[in-house]
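Hi everyone, thanks for making time for this one. I'd like to walk you through a structure, starting with the overall layout and then moving through a few parts of it. Let me put it up on the screen.

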Amino acid sequence: MPSLPFRAVREGGGEKAIILGAGSADALRNLLSQQDAADCERALLELSKALEECGVRGVQHSASLVMKAKTGGSRSVAALRGRFVWDSGLDLGPTSAVDEVAVKIVRLLGLEPHPQLSVLARRMGVRGYAVDIDASEITVTTPLGVSPPRAVRVTCEPRPTDEDRDWFWTHWGDALAEAGDITGAEVALVGLLAVQP
């Protein structure tokens, strides 16, 4: 059997590398595309199983997984070229990191609070602010007796301009502080809530 002039080696397929060969560059490109589609379908199946363990039911539709958010709307995640991508375009991580991506999706769906958001809520409560905790956000309100009463809703989501690291955000879309900087977020919130109209 003659050797094929166009070859590619792909990592995957368990512990073995996959070697693809074709008679033309177009045929090889087609084989690589088919292999990518198969890898992505396998990754979405694994992600679906991981999400079910977290209590989230997803329906596979074409090259994506569709789920219901806490608000009732549908959200989706796709697998493309070895990455999971949220429907907003947010890169959730590599298809090899199924468990970590499942945790991110549960938070994005508003089904579980971000751990740093919970810490910020406790710290603002200790400072005397009223804090209402929802799965996807907290609302921090000025203490009783402060007039006029003011409130800020805060979420914790990735910041694309900071390598998708998690940041605290106000409901106005302003970044408060990186999620690891609880003190910085506290100071920023205290300043926002002290602003006189």
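So, the chain has four helices and twelve strands. Please keep in mind that this is a predicted model. Of its 197 residues, 35% count as buried. If you take contacts between residues at least 6 apart in sequence, 30% of them join residues at least 24 apart. As for the surface, the chain exposes about 11500 Å², and carbon and sulfur atoms supply 53% of that.

Let's begin with helix 1, residues 25-53. This helix has 29 residues, and from its first C-alpha to its last it reaches 42 Å, close to the 42 Å expected at 1.5 Å a residue. Its buried residues are L28, Q35, D36, D39, C40, A43, L44, L47, S48, A50 and L51. Just after the helix, G55 takes a positive phi of about 90°.

Now, which residues touch the most other members of the largest nonpolar core? They are L47, L51, V77, F84 and I105, in a core of 22 residues. At least two residues each come from helix 1, strand 4 (64-68), strand 5, strand 6 and helix 2 (98-108). Helix 1 gives the most, with six residues. As general background, nonpolar side chains in soluble globular proteins tend to be buried together.

Let's zoom in on L47. Leaving out residues up to four places away in sequence, L47 touches L65, V77, F84, V98, V101, A102 and I105. Apart from this core lies another one, of 18 residues, including V140, F168, L176 and A177.

Between strand 5 (74-80) and strand 6 (83-86) there is a loop, and R81 is found in it. The phi of R81 is near 50°, a positive value in a residue other than glycine. Is R81 buried or exposed? With a relative accessible area of 65%, R81 is exposed, because the cut-off for that is over 50%.

Next comes helix 3, residues 115-126. Its twelve residues should span 16 Å at 1.5 Å a residue, and the end C-alpha atoms are 17 Å apart, which agrees. Within helix 3, the residues L117, L120, A121 and M124 are buried. Why do these four count as being on the same side of the helix? Because they cover an arc of only 105° around the axis. Look at the other side of helix 3 and you find R122 and V126, which are exposed.

What covers those buried residues of helix 3? The cover includes strand 8 (130-133), strand 9 (138-141), strand 10 (151-159), strand 11 (165-170) and helix 4 (182-194). And just after helix 3 there is a glycine to note: G128 takes a positive phi of about 100°.

One last stop, for those of you who think about cysteines. How many disulfides does the model have? The count comes to zero, going by cysteine sulfur atoms within 2.5 Å. C40 is buried, with a relative accessible area of 6%, and C156 is buried too, with a relative accessible area of 11%.

Notes: Residues numbered from 1 in each chain as written. Predicted model: local features only at pLDDT ≥ 70, side-chain atom pairs only at ≥ 80, totals over all residues. Heavy atoms only, no water. Expected span 1.5 Å × (residues − 1). Buried < 20%, exposed > 50% of the residue type's maximum accessible area, 1.4 Å probe, protein only. Arc of directions from axis to C-beta. Contact = heavy atoms within 4.5 Å. Areas by Shrake-Rupley, 256 points an atom, 1.4 Å probe, with all protein chains shown as cover. Core = buried A, V, L, I, M, F, W, Y, C linked by side-chain atoms within 4.5 Å.
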